[in-house]
Amino acid sequence: MGTKGRPKNPTGWEFTIYAKLKQISKSRKLTHYKAWLQLTEHRNFLDLMLPHFEKQKGYTYKKAELKIKDPDWKKNFYKNNIVRSRLIKRLDKIKFTY
């Protein structure tokens, strides 16, 4: 019997998203949610999100493009994938060297 439910996001992909959120929020002194909204407006955001969308059934680049422009999708994705996984708190414990 196979696994049930939605497949988990790859850890490397999640790490990239959270690191970018932390960078934006720290440099511009924004909350993580406002940094997420700014990140979704970036021109290369869809390319960053492709590993997530490619796992979905019936994936097309055009559908993914329409989805990321929807404000409800932005809010729900943040709530369900970013806040719930609590990786932001784990990232705060990591000492980055730039």
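1. For the helix pairs below, axes are lines fitted to C-alpha atoms over the stretch in contact, and angles run from 0 to 180 degrees between N-to-C directions. The model is predicted.

2. Helix H2 (residues 32-40) packs against helix H5 (residues 71-83) at an angle of about 125°, and the two axes are 11 Å apart. Angles of 65 to 115 degrees count as roughly perpendicular, so the angle of this pair makes H2 oblique to H5. The crossing of H2 and H5 is right-handed.

3. On the H2 side, the contact with H5 is made by His 32, Tyr 33, Trp 36, Leu 37 and Thr 40. H5 contributes Trp 73, Lys 74, Lys 75, Phe 77, Tyr 78 and Ile 82. By class, this contact of H2 with H5 has 7 nonpolar, 2 polar and 2 charged residues.

4. A second pair is formed by helix H3 (residues 45-54) and helix H4 (residues 61-68), whose axes come within 11 Å and cross at roughly 115°. H3 and H4 are therefore roughly perpendicular to each other. H3 passes H4 in a right-handed crossing.

5. Which residues make the contact between H3 and H4? From H3 they are Phe 45, Leu 46, Asp 47, Leu 50 and Phe 53, and from H4 they are Tyr 61, Ala 64, Glu 65, Lys 67 and Ile 68. The contact of H3 with H4 divides into 7 nonpolar and 3 charged residues, with no polar ones.

6. The second largest pocket has a volume of about 160 Å³. Its lining consists of Thr 40, Glu 41, His 42, Arg 43, Phe 45, Leu 46, Glu 65, Ile 68, Lys 69 and Lys 74. H3 and H4 each supply at least two residues of this lining.

7. By class, the lining of the second largest pocket has 3 nonpolar, 2 polar and 5 charged residues. Thr 40 and Lys 74, which take part in the contact of H2 with H5, are among the residues lining this pocket.

Definitions and conventions:
Residues are numbered from 1 along each chain as its sequence is written. This is a predicted model: local features need pLDDT of at least 70, side-chain atom pairs count only at pLDDT 80 or more; totals for chains, interfaces and linings use all residues. Side-chain values use heavy atoms; hydrogens and water are left out. Helices (H or I, at least four residues) and strands (E, at least two) are DSSP runs, numbered from the N terminus. Angles under 35 degrees count as roughly parallel, over 145 as roughly antiparallel, 65 to 115 as roughly perpendicular and the rest as oblique. A crossing is left-handed if the near helix is turned anticlockwise from the far one by less than a right angle, and right-handed if clockwise. Contact means heavy atoms within 4.5 Å. Ala, Val, Leu, Ile, Met, Phe, Trp, Tyr, Cys and Pro count as nonpolar, Asp, Glu, Lys and Arg as charged, and the others, Gly among them, as polar. On a 1 Å grid over the protein atoms alone, a cavity is a set of points where a 1.4 Å probe fits but cannot get out, and a pocket is an open set with protein on both sides within 12 Å along at least five of seven lines; lining residues have an atom within 4 Å of a point. Grid points are joined across faces, edges and corners, and a volume is the space filled by probe spheres set on the points.
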